[in-house]
Amino acid sequence: MSLFTRSLYFGQVVIGPPGSGKTTYCRGMQEFLSHLGRKVVVVNLDPANEGLPYPCAVDISELVTLDDVMDGLKLGPNGGLIYSMEYLEANLDWLESKLKHHHDCYFLFDCPGQVELYTHHNSVKNIFAQLSKWNFRLTAVHLVDSHYCADPAKFISVLCTSLSTMLHVELPHVNVLSKMDLIEQYGKLAFSLDFYTEVLDLTYLVEHLSLDPFFKKFHHLNVKLAEVIQDYSLVSFVPLNVQDKESMTQVLRTVDKANGYCFGDREERNLQAMMSAAVGADFQFSTTLSVQEKYMEATGKTVEDEVMDL
């Protein structure tokens with residue numbers, strides 16, 4: 001019998017490749033939600049996380065750590081993470097006993113960064129399914145580093161990974177392009193940012209990729225991959241700069257819409273006050289111009305103009 005008695009618990013499971021900014025996102029989102037007046041609990045499900053930058057209410061390291069698994073079973077980091085998730089799946093009563101102490105809270109689950117856990121392996125999927133049975137209404141927030149937009153081949157790979165994750169995890173899903181404040185450091189994009197966030201006609205991206213002699217050999221393969229992505233028509237991205245309040249608001253509204261959470265009147269008032277507050281107020285994230293505005297001002301082009309240039 002479940003220990004959870006309240007009707008619904010809302011939250012996010014934060015997933016994505018290593019280095020995509022999951023822990024930074026959890027810290028930023030926790031601070032952002034706290035200023036909105038939402039009571040937040042962060043749950044660390046990554047046994048490789050050390051020196052967490054946020055207050056952690058539930059930490060998997062109390063159950064299992066990656067170092068112990070690697071030393072005890074002579075496994076590498078990938079095998080160790082898979083074993084750790086299988087161990088957590090076998091000990092869900094431990095997780096339930098930890099979560100039941102937190103009532104009327106919004107949950108952020110900081111998950112491991114191994115891609116296979118979300119595209120092939122079933123343990124994490126089963127853990128999420130059990131959370132749903134405990135009346136958790138969760139949105140999978142899949143973070144992808146925005147620097148992949150600067151490389152057409154990597155971006156197609158990211159699209160395939162994102163699509164596979166969406167189909168495998170079976171949760172309401174929001175794909176996020178993280179570290180947008182750094183995208184200009186990765187080089188000029190072949191198209192405007194809207195092309196990547198909305199995943200517009202990939203034919204143009206495949207043609208651009210074929211300009212490289214190496215990838216020209218794989219033109220037919222890339223065409224078929226693009227067709228699979230577009231046939232499903234599921235993948236799109238929300239850009240995120242974790243230091244920008246407007247960007248965080250956009251992501252939060254998208255996530256809340258996905259799992260059915262509704263802003264209360266108090267949260268709306270707090271959000272309006274925070275957005276209008278002067279620099280130096282309690283919320284310390286600095287506001288910057290959106291990357292999209294910078295690109296449009298610099299080039300003076302729309303997505304259609306970029307396509308016509310081809």
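Q: Which residues do ring pairs link into a cluster?
A: Rings of Phe, Tyr and Trp (its six-membered ring) pair if their centres lie within 6.5 Å, and planes under 30 degrees apart count as stacked, over 60 as edge-to-face and the rest as tilted. In this predicted model, where local features need pLDDT of at least 70, side-chain atom pairs count only at pLDDT 80 or more, and totals for chains, interfaces and linings use all residues, the cluster consists of Phe155, Phe191, Phe195, Tyr196 and Phe237. Residues are numbered from 1 along each chain as its sequence is written, and side-chain values use heavy atoms, with hydrogens and water left out.

Q: How many aromatic pairs does the structure hold?
A: A pair of aromatic rings is described by the distance of the centres and the angle of the planes. The structure holds 15 aromatic pairs, one of them the edge-to-face pair of Phe10 and Tyr261, at 5.3 Å centre to centre and 85 degrees between the planes. Phe10 lies in strand E1 and Tyr261 in the loop between helices H12 (245–259) and H13 (265–276), so this pair ties together parts 251 residues apart in sequence; helices (H or I, at least four residues) and strands (E, at least two) are DSSP runs, numbered from the N terminus.

Q: Is strand E5 (residues 136–145) largely enclosed or exposed?
A: Buried means under 20% relative accessible area, exposed over 50%, and partly exposed in between (1.4 Å probe, protein chains only). In strand E5, 9 of the 10 residues are buried, so the strand is largely enclosed by the rest of the structure.
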